[in-house]
Amino acid sequence: MAPTFKLQCHFILICLLALRGESRYLELREAVDHDPFPHLAGGASQKRELEGEPLYRRALRCVDMLSLQGQFTFTADRPQLHCATFFIAEPEEFITIRYDLVSIDCQRGDILQVFDGWILKGEKFPSSQDHPLPTTERYIDFCESGLSRRSIRSSQNVAMIFFRVHEPGNGFTITVKTDPNLFPCNIISQTPNGRFTLVVPHQHRNCSFSIIYPVAIKISDLTLGHLNGLQLKKSSAGCGGIGDFVELLGGTGLDPSKMLLLADLCYPLRGPAQMKVGCDHTVLRMVSSGKHINRVTFEYRQLEPYELENPNGNSIQEFCLSTL
């Protein structure tokens, strides 16, 4: 497994075990060491190979993570009561999950639910403040809708399914595909290093870019519509009273609305804005009034171990206690 994905998978497994009320770190460590997600090492190349080739197929595990398209089947070999699969695509893609075959016993308490986003320990991404749907509408329950909703498309580049299957031999088959998203909003990065431009064109919405690593982040360009007109006098209260701004958030959980505000930007940059954030989770969030076209370009890289041990310069770490 690629080391960058091992950290992300480790984080997800810890949270899933916490959901189940377990804290047996040795069992978790063993699960991570034997590469529970080997396909992630070459996810991008495997995705390219799908074009014009037969559909990629493999079995699902009770706890799994997928970054590529294909057909996936889960078959219970014993009662499996706490299972979830996380899906992650490229930032500029939606995810579509299609039920091909479902054999579960809803009357006995089996569950098969799609969630539009990710949820861990009660924390959601995107947060309730940033997602276009209320939380109750983000769950699509097979036992309620059946095959009347055979295909379900996410609102961003991540989605997940929860499932519980009591009877050995029962299970389901799904096909996962991706579609282009011209204006991606609310993104979880697959990698700890990268560069991205987030654009919100005349839409009253909030968009977050999530990086599940301690990172150094540099904002090189910021275009907020109100800056093109009358210049506003900077307020000591920050950007909260202005309709269009960018926030940098940090924390140890998944939900941006529960993170600490590290910095906000709503005025012209006189040069790149840089910061090192020693949190497990860093989020850049753009708040848009819908009156303007807003754009922010930034790049990020994972902090080296020595940078976490000896922070210096423009660095924030003291409130971020590692959970790994």
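A salt bridge is a side-chain nitrogen of Lys or Arg within 4 Å of a carboxyl oxygen of Asp or Glu. I started my notes with that rule. Side chains of opposite charge can pair when their charged atoms come close.

**Entry: the model.** I am working with a predicted model, where local features need pLDDT of at least 70, side-chain atom pairs count only at pLDDT 80 or more, and totals for chains, interfaces and linings use all residues. Residues are numbered from 1 along each chain as its sequence is written, and side-chain values use heavy atoms, with hydrogens and water left out.

**Entry: the count.** How many salt bridges does the rule give? I noted 10.

**Entry: Arg 78.** I looked up its pairing and found a salt bridge between Arg 78 and Asp 77. Their closest N and O atoms are 3.4 Å apart. For accessibility, buried means under 20% relative accessible area, exposed over 50%, and partly exposed in between (1.4 Å probe, protein chains only). Arg 78 has 48%, so I wrote it down as partly exposed. Asp 77 has 55%, so I wrote it down as exposed.

**Entry: Arg 285.** I found Arg 285 in a salt bridge with Glu 247, with 2.9 Å between the closest N and O atoms. The pair links distant parts of the chain, 38 residues apart. Arg 285 is in strand E20 (residues 281-287), and Glu 247 is in strand E17 (residues 245-251). Strands are DSSP runs of at least two residues, numbered from the N terminus. Are Arg 285 and Glu 247 buried or exposed? Both are buried.

**Entry: Arg 301.** I found its salt bridge with Glu 307 at 2.8 Å, N to O. Arg 301 is partly exposed at 34%. Glu 307 is buried at 7%.

Technical notes. Helix = DSSP H or I, 4+ residues; strand = E, 2+ residues; numbered from the N terminus.
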